[in-house]
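Here's a quick briefing to read alongside the sequence and the 3D view. Have a look at the model, then work through the points below.

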Amino acid sequence: ADQLTELTTLLGGSDALDDKKNTPLQPEVLASHVRTKVLQVREGKSIQDIQAELAKQKARAQEEAAVAERQRLKKKLKQQWSKEELSALAKAVKKYPPGGANRWGAIALFVNNLCKPDNPRTKEECIEKFNQIASGAKPNNNNNNNTTTTATTSTTADASSAVWTADQDRQLQEGLSKFPSSMDKNERWNNIAKGVDGKTKRDCVQRFKA
């Protein structure tokens with residue numbers, strides 16, 4: 001009886017808290033813990049052994065919570081793009097036009113080599129940020145709003161002209177075939193651009209030279 005009383009006190013009694021939720025244990029949960037430890041006592045385990053086991057369980061739960069918090073903070077930090085990273089992304093998009101092998105892997109490598117962030121950018125992050133800028137969505141950089149405005153504006157312009165669909169590429173190729181290089185240069189590119197949806201003469205020339 002004395003051991004059971006000591007065991008109940010050891011478990012926290014009516015004031016016991018759930019380590020994971022930091023809320024009072026429900027009576028049935030506390031009773032379940034007591035029953036488990038009683039069986040362990042009957043199997044020959046001492047109160048000291050059980051106390052050591054409980055301490056390990058609590059330490060393990062605290063470590064798991066700490067790891068989860070670090071991962072949450074790390075993920076939050078990775079979502080934020082600095083002015084330098086946005087600028088590097090804009091340069092990489094120009095340097096590696098659509099159609100190249102492993103384009104986004106090369107873009108991510110370019111950004112990481114240029115900016116050397118603590119948490120290197122993945123190609124998925126670069127694609128997500130590029131699409132966000134290209135669609136005109138407001139960047140979710142609450143801590144960097146004042147420093148990224150200029151870079152974001154520049155990147156948005158680059159993104160709009162750099163994104164080419166399969167149909168636009170086809171229209172460009174058709175225009176190049178239809179209007180030969182023997183024509184007046186300005187007249188030729190004006191005519192080609194008229195046949196490419198959503199692109200200017202400058203966009204078409206840059207795409208041709210890429």
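E85 is buried in this predicted model, with a relative accessible area of 5%; buried means under 20%, exposed over 50% and partly exposed in between, using a 1.4 Å probe and protein chains only. Residues are numbered from 1 along each chain as its sequence is written, and side-chain values use heavy atoms, leaving out hydrogens and water. Since the model is predicted, local features need pLDDT of at least 70 and side-chain atom pairs count only at pLDDT 80 or more, while totals for chains, interfaces and linings use all residues.

**Around E85**
- You'll find E85 in helix α4, which covers residues 83-95.
- Leaving aside residues up to four places away in sequence, E85 touches Q80, V111, C115, P117 and R121 (contact means heavy atoms within 4.5 Å).

**The whole protein**
- The protein has 10 helices and zero strands; these are DSSP runs, with helices (H or I) of at least four residues and strands (E) of at least two, numbered from the N terminus.
- Of its 210 residues, 30% count as buried.
- Among contacts between residues at least 6 apart in sequence, 51% join residues at least 24 apart.

**Confidence**
- The mean pLDDT of the protein is 74, and 61% of its residues reach 70 or more; pLDDT is the predictor's confidence in each residue, from 0 to 100.
- Over residues 146-150 the pLDDT is below 50, and this stretch has six contacts in the model beyond near neighbours in sequence.
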